[in-house]
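Here is a short note for a colleague opening this entry for the first time. The points below go through it in order.

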Amino acid sequence: MTYRAVYDSMVVFQWAALPPGREHATIRLLQSGQIRLCMSASLLGEIRGILSRPAIRAKAPNLTDARVSEILQALLKFADWFDSVPQQFSLSLHPKDNHLFDLAIVGGADFLVTFENRLLKLDAASNPDGQRLRALTPSLKIVRPDRLSQEILNRP
Amino acid sequence: MTLHLVVPAEIEQRLRAKAGEAGQSVDDYVSKLLATAVTSPTLDELLDPVRRDFAAAGLNEDQLMDLGRQELEAMRKENDARGR
């Protein structure tokens, strides 16, 4: 079974930043076909942007424009592209995250994968913002990258 | 090398349409697709030199992730200031 997911830009940054040889379950799940990504211009721009920051590149000289483009092309092989991502959900305290939720909604994503606690807490049943989100996309689960494999195993 | 492939009817239909759009036979089109697939670097291959750079930079994992978060926030603020 293939599930659909939105990986936020820090997930991709982690792929680049953590030590060589580290197994990244979020990459393996793409390669095995268990996860298909939802992608939009906003999210791709954010990923390109973070991988292009001077302070990041100062630590990683191999992170050139050409390599970033190759990384994004490789990433897009595992993604479905959504040209139109209407604004449907708004997180008032963190509006810059709205595009992730909107992409998850339009893409029918099963998972939003993120390290950010401000987003993860929306997965709690009692969270009012989470309740608003689930009214728009009842099946969306917000999970940390290291929990994604287990979440998939737990699915019926 | 000669391969015999069994593909679902829907994929066959799309394959024929895409080969037609590219002005190629299905055989040529599939052969080029396969060549691209096996010669393109994987994500891990592309990321490996970058990972080595970060490892050599001397920051631990928490510091690297903090750097990423700070830069993401800075980028978002800059984009706001530009009205994007």
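1. Two strands are said to pair if DSSP finds at least two bridges between them. Helices (H or I, at least four residues) and strands (E, at least two) are DSSP runs, numbered from the N terminus. With these terms, Tyr7(A) has Val113(A) as its bridge partner in strand 4 of chain A.

2. This is a predicted model, in which local features need pLDDT of at least 70, side-chain atom pairs count only at pLDDT 80 or more, and totals for chains, interfaces and linings use all residues. Residues are numbered from 1 along each chain as its sequence is written, and chains are lettered from A and ligands numbered from 1 in the order in which they are written.

3. Strand 1 (residues 3–7) of chain A has parallel partners. Three bridges tie strand 1 of chain A to strand 4 (residues 111–113) of chain A. Strand 1 of chain A also pairs in the parallel sense, over three bridges, with strand 2 (residues 35–39) of chain A; here Tyr3(A) has Ile35(A) as its bridge partner.

4. The largest nonpolar core holds 52 residues. Such a core is a set of buried Ala, Val, Leu, Ile, Met, Phe, Trp, Tyr and Cys residues joined through C-beta atoms within 7 Å. A residue is buried if 20 or more other C-beta atoms lie within 10 Å of its own, exposed if 12 or fewer, and partly exposed in between, with C-beta atoms placed from the backbone. Ala5(A), Val6(A), Cys38(A), Ala104(A) and Leu112(A) have the most contacts inside this core. Helix 1 (residues 9–17) of chain A gives the most to this core, with seven residues.

5. What does Ala104(A) touch, leaving aside its neighbours within four places in sequence? Its contacts (C-beta atoms, placed from the backbone, within 7 Å) are Val6(A), Cys38(A), Ala109(A), Leu112(A), Thr137(A) and Leu140(A).

6. Chain B has four helices and zero strands. Its radius of gyration, taken over C-alpha atoms, is 22 Å, whereas a compact globule of 84 residues would be near 12 Å (the globule rule is 2.2 Å times the number of residues to the power 0.38). The C-alpha trace of chain B spans about 50 × 35 × 20 Å along its principal axes. Of its 84 residues, 12% count as buried.

7. Between the chains, 26 residues of chain B are in contact with 27 residues of chain A. Helix 3 (43–56) and helix 4 (61–81) of chain B are the elements that give two or more residues to the side of chain B that touches chain A. Helix 3 of chain B gives the most, with twelve residues.

Definitions and conventions. Two residues are in contact if their C-beta atoms, placed from the backbone, lie within 7 Å.
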